[in-house]
Amino acid sequence: MDLSALPARERILLTAHDLFYADGIRATGIDRVIAASAVTKVTFYRHFPSKDDLVRAFLDHRHARWMAWFVDALGRRGAHERSGDAQALLLLADVMAEWFTDPVFRGCAFINAVAEVGGSVEGAAERARDHKREMVEVIADLLPATLPQRMALAQAAALGIDGAIVKAQMGAELVREAVEDLRRLLRALADAAASPTSPPSR
């Protein structure tokens, strides 16, 4: 994308997004963002008074961008038509496989951010929790609305996704294994949804 025609704030934010995600928040200094976005220091600080402000804006932008992709990727695989069918959980493995093989994949920006700056940047950990909560809600929509353990299964699927993300981040040679591990977990969760545990006898 050619950023040169964009307003300064958007140009700074998109540049920071790519640098923070690729190289890490701590490893990316403000001067590098300023140089790469072709703005002056005065312009930068007018829009982002501190690096922490930029980090929070980055996380907000990343959340909106990733969730839009996630919902779209599920939709492209027919999630809307299969909504309420527990086997639709298996679509999540295909969605993750798509992401893991993207050349710019560097893991989950929110897991990475919490590990890097979660305790030092106000609002970072809260944004990560909100991101994961919204992901769980999208996963829950794949399951039958009347399923008693719907949210518990969605949370388990989300935990499996996070584990697969971390494994895939360890090296391209582990991507296939991460996806297949996730697929096995999702199949077990789908089977559990299809055969809910009977209530205990009195």
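Modeller: Helix H1 (residues 8–23) packs against helix H4 (residues 51–76) at an angle of about 80°, with the axes 9 Å apart, where helices are DSSP runs of H or I with at least four residues, numbered from the N terminus, and axes are lines fitted to C-alpha atoms over the stretch in contact, with angles from 0 to 180 degrees between N-to-C directions. H1 is therefore roughly perpendicular to H4, a term that covers 65 to 115 degrees. In contact (heavy atoms within 4.5 Å), H1 contributes residues including Ile 12, Leu 13, His 17 and Phe 20, which meet a set in H4 that includes Leu 54, Phe 58, His 61 and Arg 65. By class, this contact has ten nonpolar, two polar and five charged residues, with Ala, Val, Leu, Ile, Met, Phe, Trp, Tyr, Cys and Pro counted as nonpolar, Asp, Glu, Lys and Arg as charged, and the others, Gly among them, as polar.

The model is predicted, with local features needing pLDDT of at least 70, side-chain atom pairs counting only at pLDDT 80 or more, and totals for chains, interfaces and linings using all residues. Residues are numbered from 1 along each chain as its sequence is written, and side-chain values use heavy atoms, with hydrogens and water left out. The mean pLDDT (the predictor's confidence in each residue, from 0 to 100) is 94 for the chain, and 96% of its residues reach 70 or more. Where pLDDT is low, the predicted coordinates should not be read in detail.

Terms used
Helix = DSSP H or I, 4+ residues; strand = E, 2+ residues; numbered from the N terminus. Parallel < 35°, antiparallel > 145°, perpendicular 65-115°, else oblique.
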